[in-house]
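The briefing below goes through a structure chain by chain and contact by contact, with the cut-offs behind each term given where the term is brought in.

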Amino acid sequence: MRYVARRMGLFVLTLWAALTVNFLIPRLMPGDEATAVLSRMKGVNPAALHALQVEFGINTDQNVLVTYLQYLGNCLTGQFGLTAARVPVMTEILDKLPWTLALVGITTVIAFAIGTMIGVLSAWRRGGRLDSILPPLLFIVSTMPVFFVALVLLYVFAVTLGWLPLASNYELGSTPSLTLGFASDVVSHAILPGLTLVVVTAGSWIYTMRNNMVTTLAEDYVRMARAKGLPGWQIMLDYAARNAILPNLTGFAMQLGYVLGGSILVEYTFSYPGLGYLFYTGTTNHDLPLQSALFLVYTLAILICVLVADFASALLDPRTRDS
Amino acid sequence: MTIPMTPETGVPVAVSPESTAGAPGSAAFRRFAQAVLRNRKATAGLVILAAMTVVAVFPQLFTNIDPQAAIYDQQAGPSAQHLLGTTQVGEDVFAQLIWGTRLTLLITVIVSLAATVISVLIGVTAAYVGGMADRSLSLLTDVFLVLPTLPLLIVLTAYLPSGSLTITAVMIATSWAFAARQLRAQGLSLRTRDFLEAAKVRGERRSYIIIVEILPNMISLLVASFLGLAVFVVGFAAGLQFLGLGNSTELTWGTMLYYSQQNGALESGNALWMLAPGAAVAILGTGFALLNYAFDEIGNPALRPVRRRRGKPA
């Protein structure tokens with residue numbers, strides 16, 4: 001129970017820190033968001049400036065503390081103001097969220113499953129054929145920058161071979177519907193961005209899983225399982241892998257931060273209209289409300305995953321609960 | 001990026017008391033150098049980094065074309081004169097690749113070094129001082145560990161003047177946390193060692209104990225942290241520049257990627273303009289990663305490749 005409470009505490013604290021950083025950054029910089037927006041329009045009218053400042057929640061006469069509390073309240077209720085194109089930020093985010101959620105969610109699960117499995121098998125048959133090919137190969141790929149892998153895949157499969165589409169999430173002009181044709185269109189557009197994320201992340205799952213397995217396999221309880229004459233697969237999965245997977249679970253959250261960061265670059269490279277692409281367009285348009293809201297969305301996503309991973313490892317490993 | 005999560009990697013090399021001896025044991029260093037040279041991955045990594053360093057320091061040895069002279073045919077494909085083709089304004093891509101090495105490597109090394117120093121300051125202090133200071137520093141580390149780096153970088157660079165200085169500063173500020181956590185763990189394990197007790201009894205100052213007694217015992221972990229950071233920084237700096245968040249007048253591999261993307265190099269038959277700097281970034285990252293991987297193996301004998309046919313668990 002104390003463990004759960006402590007992890008919840010860290011969750012709230014980090015979220016608060018992220019909110020505060022987000023609040024402070026624009027205010028520590030010269031100028032404010034309203035002035036930034038207006039500086040891109042011609043003929044600054046003081047009344048217009050004031051109207052925008054009110055809209056952005058920048059009240060120059062107001063006490064900073066009051067503004068801060070208002071800001072916290074707005075964030076908690078999802079009121080992030082308007083984008084540069086005068087659309088509510090929240091609408092824009094909710095519109096793009098499913099694409100990124102599906103892309104990142106599915107690829108992370110696939111990469112985790114494949115990576116962990118290969119890690120277990122290659123440690124079990126250490127020095128075998130699988131162990132000497134896949135882990136080093138995927139390790140090298142995983143150290144490559146995400147966007148480079150994306151560019152190579154794009155060049156090979158879309159530009160040169162023309163097997164898969166170059167960009168976007170579905171064919172331009174087709175209307176989203178629940179038909180098989182549209183579904184296959186969506187999938188074919190998602191293959192390359194998804195493949196990029198899987199290939200880039202699987203390597204580090206293999207790496208940590210294999211190394212943990214190697215250590216676990218040398219433990220006495222594995223020796224005892226062998227002495228009992230248990231079948232190999234049972235020793236491998238129930239005795240070694242179950243214990244070796246724990247650090248991978250804790251690493252899950254940290255890895256997710258990397259995957260989310262990588263997804264921004266992947267979406268940019270493939271012009272895949274998810275949150276990452278929105279983030280990028282927000283950057284080029286200097287759309288500050290959009291950017292700060294997206295930063296919070298990414299932070300929240302990671303925090304939730306950290307929490308889930310913590311609870312999962314507490315469930316699997318009683319030792320975490322006691323310490 | 002590789003995040004070594006095994007408990008062992010927190011303590012890569014066995015702490016040898018002789019490395020704390022007054023004269024830093026040249027025997028220990030020689031043994032270490034031998035271990036590096038005997039490891040194939042480490043050798044490959046060293047060769048890559050050495051080659052890149054030579055290119056960064058003496059670019060004029062490899063090309064005599066001015067990388068910023070826009071005097072050639074525009075968007076031309078590869079030819080004998082322009083090995084990798086030319087850019088949208090008629091600059092030589094190969095010359096840019098060569099000259100871009102310098103700033104790319106410089107940013108990587110500076111960020112990784114500075115972030116390692118910060119992680120030492122925070123991690124080791126937390127471990128050694130303990131108590132309230134430890135709790136607050138650990139909390140700070142945990143918070144920074146969870147904050148998503150790339151989104152934070154994007155938000156920060158949006159407000160700061162664009163350029164390598166901004167990217168460098170922002171990356172230092174956001175990338176130290178993981179190493180700090182590892183260093184704290186190592187520091188905690190050292191805390192109760194006899195030689196530290198002895199130093200305390202001698203009445204040495206805290207700063208002396210940390211610098212002279214603790215840090216030399218962490219050299220291997222410091223190197224590992226530096227290498228791990230470098231792998232990450234190479235890709236991230238290039239990624240930021242690729243997104244157009246760097247200073248586009250500065251010549252790095254990242255800005256080359258930015259311009260080639262803006263001009264649709266892949267689709268317009270000028271793919272090398274984009275793939276070459278991408279590959280260069282990947283190779284540099286791999287160089288650091290190979291060294292890092294080798295360090296893990298050197299430090300943790302259990303991970304060394306088994307030369308036997310079928311690995312029976314040790």
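## Overview

Of the 323 residues in chain A, 42% are buried, where a residue counts as buried if 20 or more other C-beta atoms lie within 10 Å of its own, as exposed if 12 or fewer do, and as partly exposed in between, with C-beta atoms placed from the backbone. This is a predicted model, in which local features need pLDDT of at least 70 and side-chain atom pairs count only at pLDDT 80 or more, while totals for chains, interfaces and linings use all residues. Residues are numbered from 1 along each chain as its sequence is written, and chains are lettered from A and ligands numbered from 1 in the order in which they are written.

**Make-up of the two chains**

- Chain A has 13 helices and zero strands, with helices (H or I, at least four residues) and strands (E, at least two) taken as DSSP runs and numbered from the N terminus.
- Chain B has 12 helices and zero strands, and buried residues make up 47% of its 314 residues.
- Among the contacts in chain A with a separation of 6 or more, 71% are between residues 24 or more positions apart, two residues being in contact if their C-beta atoms, placed from the backbone, lie within 7 Å.
- In chain B, 70% of the contacts between residues at least 6 apart in sequence join residues at least 24 apart.

**The contact between the chains**

- On the two sides of the interface, 60 residues of chain A are in contact with 52 residues of chain B.
- Helix H1 (2-28), H6, helix H7 (146-160), helix H8 (180-217), helix H10 (232-269), helix H11 (275-284) and helix H12 (288-316) of chain A each supply at least two residues of the side that touches chain B, and H10(A) gives the most, with 13 residues.
- By class, this side of chain A has 38 nonpolar, 21 polar and one charged residues, where Ala, Val, Leu, Ile, Met, Phe, Trp, Tyr, Cys and Pro count as nonpolar, Asp, Glu, Lys and Arg as charged, and the others, Gly among them, as polar.

**The largest nonpolar core**

- The largest nonpolar core holds 166 residues, of which Ala150(A), Met213(A) and Leu294(A) touch the most other members; such a core is a set of buried Ala, Val, Leu, Ile, Met, Phe, Trp, Tyr and Cys residues joined through C-beta atoms within 7 Å.
- Helix H12 (residues 271-299) of chain B contributes the largest share of this core, 18 residues.
- Leaving aside neighbours within four places in sequence, Met213(A) is in contact with Gly119(A), Val120(A), Ala123(A), Trp124(A), Ala240(A), Ala241(A) and Ala244(A).

**Helix packing**

- Helix H5 (residues 89-124) and helix H6 (residues 129-142) of chain A pack at an angle of about 140 degrees with their axes 8 Å apart, the axes being lines fitted to C-alpha atoms, for helices over the stretch in contact, and the angles running from 0 to 180 degrees between N-to-C directions.
- That angle makes H5(A) oblique to H6(A), since angles under 35 degrees count as roughly parallel, over 145 as roughly antiparallel, 65 to 115 as roughly perpendicular and the rest as oblique.
- The residues that make this contact are Ile118(A), Leu121(A) and Ser122(A) of H5(A) and Leu130(A), Asp131(A), Leu134(A) and Pro135(A) of H6(A), and by class they are five nonpolar, one polar and one charged.
- In chain B, the axes of helix H2 (residues 40-57) and helix H3 (residues 93-129) come within 7 Å and cross at roughly 110 degrees, so H2(B) and H3(B) are roughly perpendicular to each other.
- Met52(B), Thr53(B), Val55(B) and Ala56(B) of H2(B) meet Ile98(B), Thr101(B), Arg102(B) and Leu105(B) of H3(B), a set that divides into five nonpolar, two polar and one charged.

**Covered and open helices, and positive phi**

- H11(A) is mostly covered, with seven of its 10 residues buried, among them Leu275(A), Tyr277(A) and Phe279(A).
- After H11(A) comes His286(A), whose phi is positive, near 50 degrees.
- Ser271(A), in the loop between H10 and H11 of chain A, has a positive phi of about 45 degrees although it is not a glycine, and Ser271(A) is partly exposed, with 13 other C-beta atoms within 10 Å.
- Helix H8 (residues 194-201) of chain B has eight residues, of which the number buried is zero, so H8(B) lies largely in the open.
- Just after H8(B), Gly203(B) takes a positive phi of about 85 degrees.
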